[in-house]
Amino acid sequence: MIKCSECGYENMDGLDYCDGCGAKLAAAAGSSAAAAPGAAPATETKTETPPEPTAESIDGKATPSLAADAMPDGETPTTEMPKSEAPTGEIKPETAPESAPSTAAAAGAPFKAKLSVVRGGRKGQEFPLEDGNNLVGRWDPETGSFPEVDLDADDPEAKISRKHALIRIDAGKITIEDIGSLNGTYVNRQPRLSPGSPAEIKSGDEVIIGKTFLKLVVEPIS
């Protein structure tokens, strides 16, 4: 019998390796050495396991060892991420957009406007202007219609057409438009307005209708 020097297991004669642990039996090793004189005795090579890394100092700061981060078999180490607010399911009311001004408020002009005769008629005579369309002309006996700005009494020479011009107040803006008059419409003594082409006018502007001179007066509503 050959007794294994590693585990003590008794093996049958003639075996080279231990049936118990697989180590080289002393008798086989001795016979190999005797069979090959001069050969260097075989030495068992052991692979050293590198020590587990420990805390090391990098740039003066200690880093934790890998052993501290070891995880049980089958688990994957995870890196803790910064916490973020997750949806809670609560529906937050949306901020209501600023309400647009109502149509009525947008349509109404924040001022009062009027035409005042300054020359060629009843000087100082005033004609209030309404929101929307204001027809400028003379009373029409055939239809019985009266324009908003009736200059019949201020036009002895009949230079003003029955339907001479149109003044419109819309969205805070005032425009005047010639609607095919015979003697034309003028603003601040500029060239005659082309029929169908509105021109914007503002407070203090001079409007000439036929031979009647009028001034636009705009007063804010307090």
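Predicted model: local features only at pLDDT ≥ 70, side-chain atom pairs only at ≥ 80, totals over all residues.
**Notes on the strand pairing and ring contacts**

1. Let me start with the S5 and S14 pair: strand S14 (residues 212–220) runs antiparallel to S5, and eight bridges join the two. Strands count as paired here if DSSP finds at least two bridges between them.

2. Numbering runs from 1 along each chain as its sequence is written, and side-chain values use heavy atoms, with hydrogens and water left out.

3. On the other pairing of S5: strand S5 (residues 111–119) also pairs with S6, antiparallel and over four bridges. Leu115 has Phe127 in S6 as its bridge partner. Six residues lie between the strands of this hairpin, and Gly120 has a positive phi near 85°.

4. Those pairs belong to an open, antiparallel sheet of five strands, ordered S6-S5-S14-S13-S11. At the edges are S6 and strand S11 (185–187), each pairing on one side only. From one strand to the next the twist averages 25°, with axes taken as lines fitted to C-alpha atoms and angles running from 0 to 180 degrees between N-to-C directions.

5. Which residues form the aromatic pair? The structure holds one such pair, and Trp139 and Phe146 make it, stacked at 5.7 Å centre to centre with 20° between the planes. Rings of Phe, Tyr and Trp (its six-membered ring) pair if their centres lie within 6.5 Å; planes under 30 degrees apart are stacked, over 60 edge-to-face, the rest tilted. Trp139 is partly exposed at 31% relative accessible area, while Phe146 is exposed at 57%. The classes are buried under 20%, exposed over 50% and partly exposed in between (1.4 Å probe, protein chains only).

6. Another ring contact: Arg119 sits over the face of Phe213, 4.8 Å from the ring centre. The criterion is NZ of Lys or CZ of Arg within 6 Å of the centre and within 35 degrees of the ring normal.

7. For the whole chain, the tally is two helices and 14 strands, as DSSP runs (H or I, at least four residues; E, at least two) numbered from the N terminus. Of the 222 residues, 25% are buried.
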